[in-house]
Amino acid sequence: MVRNLSLAAICAVATVQAAFAIAQDATEIQVTYSKGQFQPSELRAPADRPVVFRVKNLDPAAMEFESDSLRVEKVVAGKADGVVNVRALKPGRYEFHDDFNDQARGVLNVQ
C-alpha cells in the first residue's frame with residue numbers, strides 16, 4: 001500500500017513538473033473582446049510552441065472564444081478574463097470567432 005502511494009506521488013509530481021515546463025515554453029497572447037470585436041483581430045505566434053490566449057472580455061455579455069482549427073472553445077463571462085491553452089502548432093493560419101456573435105472573427109498566423 002505504501003509503495004503504491006509513493007508511486008502515485010512520484011507520478012503526480014512528474015505531471016506537475018511537465019505541465020510547468022510546457023507553460024514556461026508557451027507563447028502568451030493577449031486579446032481583448034470589446035464592442036463585439038477581437039482586438040487585435042490578427043495575431044502571430046511561433047511554430048512548434050504551445051500558445052496561451054489570455055482573453056479579456058470588456059463587454060457586459062458573455063462571449064465564446066471558439067476555433068475548429070485550434071480545437072478549442074471557452075466561454076468568457078462579461079467583464080471577465082479567460083485563459084485558453086492550445087497545443088504546439090505547425091505553421092499555418094488558424095481562424096477563431098465568438099460563437100455568440102458571427103461578426104467577431106480573428107486569425108492566428110503561426111510561422
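Me: What should I know before reading the model?
Reply: The model is predicted, so local features need pLDDT of at least 70, side-chain atom pairs count only at pLDDT 80 or more, and totals for chains, interfaces and linings use all residues. Residues are numbered from 1 along each chain as its sequence is written, and side-chain values use heavy atoms, with hydrogens and water left out.

Me: Which strands form the open sheet, and in what order?
Reply: Strands are DSSP runs of E, at least two residues, numbered from the N terminus. Two of them pair if DSSP finds at least two bridges between them. Here 4 strands form an open sheet in the order 2-1-4-7, with mixed pairing. Strand 2 and strand 7 stand at the edges, each with a single partner strand, so one side of each has no neighbour in the sheet.

Me: In which sense do strand 1 and strand 4 pair?
Reply: They pair in the parallel sense, over 7 bridges. Thr 27 has Val 51 as its bridge partner in strand 4. Strand 4 and strand 7 pair in the antiparallel sense, also over 7 bridges.

Me: Which side chains of strand 1 are buried?
Reply: Buried means under 20% relative accessible area, with a 1.4 Å probe and protein chains only. Thr 27, Ile 29, Val 31 and Tyr 33 point to one face and are buried.

Me: Which residues touch the most other members of the largest nonpolar core?
Reply: Such a core is a set of buried Ala, Val, Leu, Ile, Met, Phe, Trp, Tyr and Cys residues joined through side-chain atoms within 4.5 Å. Of its 23 residues, Phe 53, Phe 65 and Leu 108 touch the most other members.

Note on methods:
Buried means under 20% relative accessible area, exposed over 50%, partly exposed in between (1.4 Å probe, protein chains only).
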